[in-house]
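Please open the structure in your viewer and keep the selection tool at hand.

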Amino acid sequence: MSNAISHLEPKNVWAIFEEICSIPHPSKHEGRMIEYVKQFGEGLGLETSVDEAGNVLIRKPATAGLEDRKTVVLQGHLDMVPQKNNDTNHDFEQDPIRPVAEGEWVRAEGTTLGADNGIGVAAAMAVLQSDVLEHGPIECLFTIDEETGMTGAFNIKPGFLKGDILINMDSEDEGELYIGCAGGIDTNAAFHYKEEPVNADHTAFLVEVKGLKGGHSGLDIHLGRGNANKILNRLLYTAMQEFGAALSAFNGGSLRNAIPREASAVITLPRYKTEAFKKKLAALSAQISNELSGADPGLSVKIEPTETPGFVMD
């Protein structure tokens with residue numbers, strides 16, 4: 001396990017978070033995390049239960065003299081958003097997250113970090129572990145599948161919790177209280193096209209958009225960051241309208257709740273227009289980079305020759 005974050009304070013919180021990073025836990029695949037949290041609670045000698053949905057509940061009695069206080073529930077979720085860079089070889093169901101501390105920030109190598117909600121879960125577990133904190137009765141609720149359906153929270157049965165006050169550990173900023181939630185709509189779209197042979201006078205290219213920050217579609221959508229799918233479509237529209245390009249393949253984005261940070265396409269261009277297109281692409285990329293300079297300065301657009309595809313779309 002990496003020691004990249006072991007020096008951070010408070011050490012007990014970061015030590016638990018590092019263990020969480022070592023356990024694969026994408027949405028719908030939280031089994032090992034459920035077992036880890038269950039064993040954690042039982043190892044502390046605390047009342048621990050797992051409901052039919054897979055939610056874990058751990059109860060810690062009040063510190064002596066505070067038994068009359070209202071029970072507080074600390075709630076976090078066990079799953080994470082599994083997104084990686086295209087050039088990163090990572091299996092979220094098998095491989096650990098590799099956290100790295102850089103200045104005041106902690107990130108992961110080539111993937112999402114899972115601090116949503118791993119750091120909230122770690123903080124709650126550190127409270128359970130502490131023998132110095134003074135507190136009333138505590139319940140720590142760890143739900144499953146928050147990122148892709150809230151199925152854990154929706155399937156909590158009456159009576160599972162006894163607490164009076166619930167603190168959601170899945171928050172981003174200190175000193176802010178949220179009343180409400182982010183929403184979303186899924187769209188499944190289908191369209192038909194004909195496969196056509198590649199024009200003999202065309203050359204094939206791979207166009208890639210990389211280097212964007214991405215982010216959570218609910219929490220970061222207002223920050224003005226680049227969307228790789230939109231940027232690539234903007235480039236391809238110019239390629240088709242002004243240079244007669246044909247499209248063979250398009251790949252971009254990976255998750256419904258993550259802003260796409262990488263996208264790529266395979267196109268073919270008339271040979272005699274390729275140099276002019278490269279110049280146009282460079283100019284358009286510079287224009288987009290300038291537009292994003294304040295919010296997303298890492299944009300990279302590359303074009304390079306590639307193997308001729310088997311077909312293009314009409």
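Start by selecting Phe243, which is buried at a relative accessible area of 8%. Buried means under 20% relative accessible area, exposed means over 50%, and partly exposed lies in between (1.4 Å probe, protein chains only). Before moving on, note that this is a predicted model, in which local features need pLDDT of at least 70 and side-chain atom pairs count only at pLDDT 80 or more, while totals for chains, interfaces and linings use all residues. Residues are numbered from 1 along each chain as its sequence is written, and side-chain values use heavy atoms, with hydrogens and water left out.

Rings of Phe, Tyr and Trp (its six-membered ring) pair if their centres lie within 6.5 Å; planes under 30 degrees apart count as stacked, over 60 as edge-to-face and the rest as tilted. Helices (H or I, at least four residues) and strands (E, at least two) are DSSP runs, numbered from the N terminus.

How many aromatic pairs does the structure hold? There are five. For another one, select Tyr193 and Phe311: this pair is stacked, at 6.5 Å centre to centre with 15° between the planes. Tyr193 lies in the loop between strand 7 (165-168) and strand 8 (195-196), and Phe311 in the loop between strand 12 (300-305) and strand 13 (312-313), so the pair ties together parts 118 residues apart in sequence. Tyr193 is partly exposed at 36% relative accessibility, and Phe311 is partly exposed at 21%.

Next, go to helix 1 (residues 11-21), where the buried residues include Trp14, Ile16 and Ile20. The buried residues of helix 1 pack against helix 2 (31-43), strand 4 (99-102), strand 5 (105-108) and helix 3 (115-129).

Last stop: the largest nonpolar core, with 36 residues. Such a core is a set of buried Ala, Val, Leu, Ile, Met, Phe, Trp, Tyr and Cys residues joined through side-chain atoms within 4.5 Å. Among the residues with the most contacts inside this core are Ile16, Ile20 and Phe142. Helix 3 gives the most to this core, with seven residues.

Notes
Contact means heavy atoms within 4.5 Å.
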